[in-house]
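The following account leads the reader through a structure, passing from an interface to a single residue and then to the build of one chain.

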Amino acid sequence: MNEKTAELYLSFAGIFHRPHPEVADNLEELIELWQEEIPESKVYIKEMEDYCQEYPLVDNRLNALWEHYIPLFEVGDIEAVPYASVYFDDNGLVLGREAEEVRGFYRSCGYEIGNERQELPDHLAVELEFLALLASEGKIQQLLEFEENHLKPFLRLVLPLIIKSKRPVYSNAAKILEIWKLNSDRKGD
Amino acid sequence: MLTPVVIILKICENNLKKLVIFLFGGKGVNRRQFIKRALYGAGGTAVAISGFGALTKAAPKPALATATNEETTVFSSCEMCRNQCPVAVKVVDGKVSKIEGNPNDSGFGGVICARGNSGPSMLYDPQRLKKPMIRTGERGSGKYKEVSWDEAYTYIAEKVKELQQKYGGESVAFASRKGPHDWFFRAIGKGIGSPNIFSHEATCPMTRSVALHSMFGSEAIAADYGNAKYIVSVGRNWLEGIHVAQTRSIMKAIDNGAKIVVLDPRFSVTASKGEWIPIKGATDLAFVMAMANVIIADGTYDKDFIERYTSGFDKWQVEVKDKTPEWAEKETGIPKDTIIRIAREFVKHSPKAILDFGWRTGITPNDYQLRRAIMFVNMMMGNFEVPGGYYHKKYAAVLKKFPEMSSYAKTLGDIYQPAFPKPSTYRIDGTGIKGIPGQLIPEGDGAVSQIPESILTGQPYPIKGWFVHRFNPVISVTESDRIIEALKKLDLLVVCDIYMTDTAMFADVILPECSYLERYDKVFDMSGKTPKYVLRQPAVELVYPDTKPSWQIYKELAVKMGLGHYFPYEDMEEFISRQLAPAGLTLDYMKQKGVWTPEGMKPFYIRANDHTASLDDIVHRTDSKIEFYSEEVEEATKQGIPKYEQYPQPQEGEFRFVQGKVAVHTNAGTANVPVLNELMPENSLWINQESANKLGIREGEDIIISNGKYEHKGKAKVTQGIRPDTVFCYHGFGRISPGLKRAYGKGINGNKLINNVIGEVGNVCTSMSFVTVKKA
Amino acid sequence: MAKHYGMVIQIAKCIGCQACTVACKFQNKVPEGQYRTMSPAVGPIGTYPNVSMHFGKEACQMCQNALCVDVCPTKASHYDENGLVMVDADKCVGCRYCLAACPYDARFINKETGAADKYTFCFEERLSKGLQPACVSTCLGGSLSFGDVNDPNSDVAKILGKSKAEFRLSELGTKPRIYYIYDGVVK
């Protein structure tokens with residue numbers, strides 16, 4: 001369970017990080033993983049497969065991802081700000097209380113924000129990646145605590161916005177993540 | 001020779017993951033291995049738990065070990081507008097919690113305006129630019145990819161090289177909002193041999209600079225509002241166009257009983273604190289000439305001052321002989337008795353009287369003549385180098401010339417830059433060419449609205465590349481659509497900013513600068529009545545780790561372009577220390593105070609105690625005389641003495657369209673800043689009640705404004721506070737960049753409705769457009 | 001003598017620049033879209049070209065007979081040791097009675113805390129540390145003064161000695177501590 005959880009978390013982290021050639025190149029693998037592990041994702045998988053076929057070359061695929069990542073998360077319409085504290089703290093600004101709490105949580109588990117990929121601590125992808133690392137280390141107690149106190153409240157706010165954006169890949173991945181993390185609770189998974 | 005194993009180990013030390021992916025990667029080959037590899041490293045042996053590198057392993061620490069809730073103060077300087085006011089930044093646990101004025105500066109007294117106060121909301125705005133970007137779609141389509149700084153620099157360097165080879169370095173223009181970044185920004189332009197380096201000044205106070213230079217041989221003339229007893233504004237609006245020190249001085253003057261008279265077609269906040277004279281648009285020069293006429297007819301001018309310090313007054317006397325109050329009444333719509341009364345009140349209070357020389361000037365094509373005439377009237381009354389009048393700024397180089405003051409003169413050092421190549425051709429705007437109006441345009445500023453013209457017409461030669469730093473011509477230069485058309489025609493547009501501005505959205509490369517709260521800048525000289533140096537230093541670490549200060553961006557770009565030798569410093573601490581050393585100051589001192597001004601020095605007015613004191617050291621014209629008649633202006637424009645030019649007035653059904661500043665925003669700069677946007681998200685069109693009635697327009701209704709060429713939607717603000725023949729809106733709204741999400745599409749962009757007419761000395765002309773208004 | 005804190009507002013010196021509005025927001029972490037104080041324009045009034053305009057500072061009037069305190073069912077709204085009206089957010093149940101009772105419309109429910117909120121003279125954040133309220137210390141026009149009106153050496157006492165002050169809705173008998181001076185203003 002730990003291993004699959006880690007892989008799933010990392011796969012979603014890969015999607016919600018800034019587009020990266022390696023992730024773009026291995027998109028099919030992520031889709032395959034979700035198909036296997038999250039059977040309810042079938043409807044959404046199809047659209048993603050079409051996307052992969054539309055952009056077989058990694059460079060085109062990467063630019064196509066940027067075309068959606070930027071207005072979705074970064075600059076422009078910013079349909080879904082990827083930083084948790086913007087949702088939880090007053091005034092919709094970054095590096096609010098939630099960001100500090102999340103950073104503190106990372107530290108307490110022996111993690112710091114990396115040099116290689118500098119992001120704010122409460123970026124959606126960083127939180128997902130952190131959970132992947134916890135899972136792979138078998139730190140289940142901390143994983144559950146982080147999920148309950150930080151990730152899930154964030155996902156409840158941000159995923160509907162990403163889904164609503166109807167942006168290929170992102171919207172579908174958000175839906176699958178929602179099925180896995182938010183709806184899964186009901187099944188007692 | 002290294003064996004493969006050694007090579008692998010060497011690389012491993014630096015970048016294990018990339019190597020692993022290189023060795024084992026490839027689509028389809030190792031399906032379902034990508035995630036595993038990223039998680040566990042190669043071959044399932046977990047060398048280091050890595051993920052994608054967003055987090056690194058460290059020794060566990062208590063979650064909130066660093067939170068102390070202790071407040072520290074970092075003294076720095078503001079950049080919510082270009083005035084660079086000294087501020088005290090309050091920092092709690094590495095975050096800016098609040099910004100106040102720097103109490104170490106008596107001119108500010110711990111006070112800062114709404115914009116300065118709102119700084120933290122800009123600092124932590126999720127809508128800021130965060131990474132360098134390169135355009136992937138059509139210009140303006142918003143399609144970009146994020147790239148590394150190195151990729152961005154490489155792209156720019158290659159493109160510039162291409163342009164240099166094909167069209168010469170002069171084909172690349174540089175324009176910035178004037179500021180301390182210019183030392184770095186301009187070095188790129190000078191380095192490639194481009195003469196076409198511009199500031200934003202032509203859209204703002206340039207005609208004033210031209211006027212001052214033509215009279216005094218110096219632009220460094222300021223007004224001592226705080227001690228004045230009578231102040232006449234010619235469209236100046238200190239209480240909405242906030243300059244904290246000046247705004248406070250005006251309020252101090254009012255508190256001490258000074259009278260304020262405001263000539264403005266619109267009832268501004270400043271007008272509400274004094275006597276409002278709703279002058280007919282574009283006729284200010286008639287009023288000023290009539291003032292001179294009255295004063296000369298009365299014989300009340302300061303004959304000794306004119307005799308002792310000026311030249312060419314006789315020619316001015318001739319010019320205004322027939323500019324009687326009766327004549328001016330017809331031109332300006334101001335009753336002649338009012339003109340006479342104001343002229344006499346002005347005389348009565350002189351030399352503690354100021355006929356203000358303006359801030360955002362450029363009302364008409366010959367605006368510089370208005371500014372000269374204004375200063376003529378001040379000089380006629382000897383309102384110079386005495387408290388309550390005008391004065392030359394007392395920076396170190398000036399004080400050095402006065403033995404009793406020289407001990408206060410501590411000169412900042414220059415950072416040596418090797419000689420730049422001499423541009424192989426003249427500037428596109430004719431700046432500096434003798435015998436044409438360009439002769440008068442300040443070399444460091446230029447006529448910035450010539451850039452889009454040269455892009456579009458190829459005249460006098462084509463501009464193919466444009467670097468823009470913290471400047472937004474699409475909103476701040478007239479005729480927005482023409483600017484956009486020009487931007488779309490460029491081969492290279494590079495924009496450095498903190499937001500996706502209306503200009504950045506058309507760029508090929510976007511460079512994200514960090515905010516003023518996260519960086520050092522060159523120490524700036526803000527000397528006024530006493531010398532003053534102000535520091536900008538980081539209050540907090542970078543919020544978005546991949547943004548950079550401009551001094552670093554242009555240095556790194558320069559290195560990539562082979563121009564690194566023009567940036568002879570390692571970092572800004574070193575740069576600043578070298579600036580400060582000759583003044584006997586240290587970075588440490590400046591960090592503790594934020595500002596330096598000589599201890600014990602009182603404001604220094606050369607003529608305060610001796611009305612015959614020599615002004616030779618501050619007036620740099622022929623024989624050190626302040627020039628009414630100017631040989632230089634005569635040579636350039638054939639108008640050595642200002643002549644009145646009658647400009648058209650709006651016809652029935654038309655309105656003169658004018659713009660102005662508002663206290664809670666900075667021009668084209670702050671519409672998207674969270675707290676300021678919240679206070680004022682949009683503007684509306686002020687229209688006189690009676691005029692609105694005729695058009696059937698009611699308060700708050702949707703309207704369409706048209707200048708015949710362009711149309712703009714907006715909302716009406718029906719008011720008694722404007723001339724019936726004039727409409728007005730605050731500047732800086734109606735933003736077209738979706739990247740400014742809060743401000744996008746809200747309100748009216750006035751500059752869309754003003755055609756790009758370049759004034760006589762290169763200025764934009766803000767008030768020469770007529771519009772019609774109808775219900776939407 | 002006990003301190004009698006008061007705020008004196010010289011309306012003629014207010015330029016409506018909203019520096020106070022923004023300073024207050026950051027000092028007191030007031031949520032987006034909410035304000036403890038603002039300085040809205042009144043006017044232009046009159047008929048062109050004879051018009052006038054001033055700015056009115058909106059804020060809790062710090063009544064000595066405070067209706068908000070009277071109606072509060074949980075004693076969250078109370079007078080502190082200096083007689084200043086304060087809200088204890090922990091005791092507030094967000095019933096909005098005080099919002100309805102306040103004749104100055106000076107209260108709101110803080111989006112973050114869910115409690116009634118209002119202008120406090122920055123009592124906790126600044127006054128208790130010997131600082132002036134944030135709005136006063138950033139006032140560009142010099143319109144705002146704060147201090148002990150019983151202390152003849154205070155700025156407020158000096159200004160009140162020279163000019164006649166008014167209270168808003170004084171007919172209600174709320175006895176506010178905000179003194180409005182309209183010298184030089186056409187109302």
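Two residues are taken to be in contact if their C-beta atoms, placed from the backbone, lie within 7 Å. The model discussed here is a predicted one. Under that criterion, the contact between chains A and B draws 56 residues from chain A and 46 residues from chain B. On the side of chain B that touches chain A, the elements that contribute two or more residues are α2 (34-40), β1 (55-57) and β6 (144-146) of chain B. Of these, α2(B) gives the most, with five residues.

Strand β1 of chain A, residues 111-113, is joined to β1(B) by three bridges, and the two strands run antiparallel. Within this arrangement, A:Tyr111 stands opposite B:Lys57 of β1(B).

B:Arg621 counts as partly exposed because it has 19 C-beta neighbours inside 10 Å. When its neighbours within four places in sequence are left aside, B:Arg621 is in contact with B:Phe216, B:Gly217 and B:Glu627. B:Arg621 and B:Glu275, by comparison, are separated by 346 residues in sequence and by 36 Å in space, taken from C-alpha to C-alpha.

Chain C is considered next as a whole. Its secondary structure consists of five helices and nine strands. Along the sequence of chain C, these elements follow the pattern β-α-β-β-α-β-β-α-β-β-α-β-α-β. The radius of gyration of chain C is 16 Å, close to the 16 Å that the globule rule gives for 187 residues, and chain C is therefore as compact as a globular protein of that length. The C-alpha trace of chain C spans about 50 × 40 × 35 Å along its principal axes.

Of the 187 residues in chain C, 45% are buried. Among the contacts in chain C between residues at least 6 apart in sequence, 54% join residues at least 24 apart.

Key
Residues are numbered from 1 along each chain as its sequence is written. Chains are lettered from A and ligands numbered from 1 in the order in which they are written. This is a predicted model: local features need pLDDT of at least 70, side-chain atom pairs count only at pLDDT 80 or more; totals for chains, interfaces and linings use all residues. Helices (H or I, at least four residues) and strands (E, at least two) are DSSP runs, numbered from the N terminus. Two strands pair if DSSP finds at least two bridges between them. A residue is buried if 20 or more other C-beta atoms lie within 10 Å of its own, exposed if 12 or fewer, and partly exposed in between; C-beta atoms are placed from the backbone. The radius of gyration is taken over C-alpha atoms; the globule rule is 2.2 Å times the number of residues to the power 0.38.
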